[in-house]
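Colleague: I would like to go through this model with you. Please put it up, and I will ask as we go.

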Amino acid sequence: MNVKALNTPLSELGEGIYIDKKLCILYWVDINKSILYQYDIKADQLVKTFYLVDNPSCILSASYDSLIYVDRTGVKRLDLKGGAVTVLSTHPFHNSELFRANDGTLLSDGGLLYGTMSFIPENSPGKIYYRDCYGITSSYELGIHIPNTFTQIGNNILISDSLKKCIYALEITSLQDGIVELKEWKDLSTFEYTPDGGCLSYKGNLHIALWNGAAVAIFNKHGEMLKLIKVPVLKPTNCEIYNNRWLYVTSAREGMTAAQLKQYPLSGNTLVVDLGDNYEY
C-alpha cells in the first residue's frame, strides 16, 4: 500500500478527522495548538488554517459555510467564511480547567455524543455527553478515562477507553431511555498499543488507529481482528475512509522521545493511504 504525507504543518496532537464527502474537503485539528485545518482532497492542497482557542478536539459535522466541533468548554459552530465562532452549548457540571473534550460523533437522530477527559486522565475519569436534537444535554459517568472511537456498528456506538485499552459497546436507544450501560466489545489491554479514533468501512468493518502501534487495525462487527495496516507514524490517532479507496490518518508527536522521532520522522503528519481498487475490507 502506498502511503503519502500531506503537505501540511506538523501536528503536536492531530485528531478529530472529518471528511465532507459532498464537497471533498478534509478537516482535522491539532488539539494542543488549538488549530483547525481545511484541506481540499481533489486539489491536494491546504485551503485554510483556523487559529482557535480552548483545544478543539472533535469535528462533528461540516457544510459549505459552517462546521460544528467540540472543545474544552462546549459545542461550537465555526463560520468557515468569516472565522467567527458561536457557542451552541457548554458542558454541564464540567471544570474546563481540569477537563477537556476528546472524541465524539454525530448520531443519525441529529444528536451529538462526545466524551471528556481529565488533563491528568489517570487521576479521574471523564464523562460521556449526549446532546439531543433539541439541544438538551445529558451527562453520564461511565468510568471512561480517555474516550475515543465513537463509531456506530449496528445499534451500538463503540467507545474506547484509551487508558484501559478497551473498546465498549453502548446501545444507542439507551441514550433516549437515560439508562446507559457499557458492554465490553474488545479488550486490548495485553498489547503495547491502545485504541484511538476510528471509522467504519463500506463493508461495515471498524478501522481504528493504534496509538503506539504504528498501525490501523481492522475488526469485523464481532470484534475479530482481520488485518493491520502499517503506517510510518508511531502514534496514529484517527482515520477516515474516502471513496472506499483512500484512508486518511492523523497522527501525533506528543510525548515522543528523540529516538522515536528518528525512527518515525513522519510523526505529526496527516497521511493518506492508497487502499487500492476494490478494497475488500
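Colleague: Leaving aside neighbours within four places in sequence, which residues is Leu 36 in contact with?

Modeller: First, this is a predicted model, where local features need pLDDT of at least 70, side-chain atom pairs count only at pLDDT 80 or more, and totals for chains, interfaces and linings use all residues. Residues are numbered from 1 along each chain as its sequence is written, and side-chain values use heavy atoms, with hydrogens and water left out. Contact means heavy atoms within 4.5 Å. On that basis, the partners of Leu 36 are Tyr 27, Trp 28, Val 29, Lys 48, Thr 49, Phe 50, Leu 52, Ile 59, Leu 67 and Leu 78.

Colleague: Which residues of the largest nonpolar core touch the most other members?

Modeller: A nonpolar core is a set of buried Ala, Val, Leu, Ile, Met, Phe, Trp, Tyr and Cys residues joined through side-chain atoms within 4.5 Å. Buried means under 20% relative accessible area, exposed over 50%, partly exposed in between (1.4 Å probe, protein chains only). This core has 16 residues, and those touching the most other members are Tyr 27, Leu 36, Ile 59, Leu 67 and Leu 78.

Colleague: Which strand gives the most to this core?

Modeller: Strands (E, at least two residues) and helices (H or I, at least four) are DSSP runs, numbered from the N terminus. At least two core residues come from each of strand 3 (25-30), strand 6 (58-62) and strand 7 (66-70). The top contributor, with three residues, is strand 3.

Colleague: How many bridges join strand 2 to strand 3?

Modeller: Two strands pair if DSSP finds at least two bridges between them. Strand 2 and strand 3 form a hairpin with four residues between them, and Cys 24 in the turn has a positive phi of about 60°. Ile 19 has Leu 26 as its bridge partner in strand 3. The two strands run antiparallel, and the number of bridges is five.

Colleague: In what order do the four strands of the open sheet lie?

Modeller: Strand 1 (2-5) and strand 22 (235-242) are the edges, each pairing on one side only. Strand 23 (residues 246-252) pairs with strand 24 (residues 271-274) over four bridges, and Leu 247 stands opposite Val 273 there. The pairing in the sheet is antiparallel, and the order is 1-24-23-22.

Colleague: Which backbone oxygen does the side chain of Asn 205 reach?

Modeller: Asn 205 sits in the loop between strand 18 (194-200) and strand 19 (206-211). Asn 205 is buried, at 10% relative accessibility. At 2.9 Å, the side chain of Asn 205 reaches the backbone oxygen of Tyr 281.

Colleague: Is Ser 174 buried or exposed?

Modeller: Ser 174 lies in helix 1 (residues 173-177). The side chain of Ser 174 comes to 2.5 Å from the backbone oxygen of Glu 171. With a relative accessible area of 7%, Ser 174 is buried.

Definitions and conventions
Polar contact = N/O pair within 3.5 Å; in protein donor to acceptor, adjacent residues only side chain to side chain.
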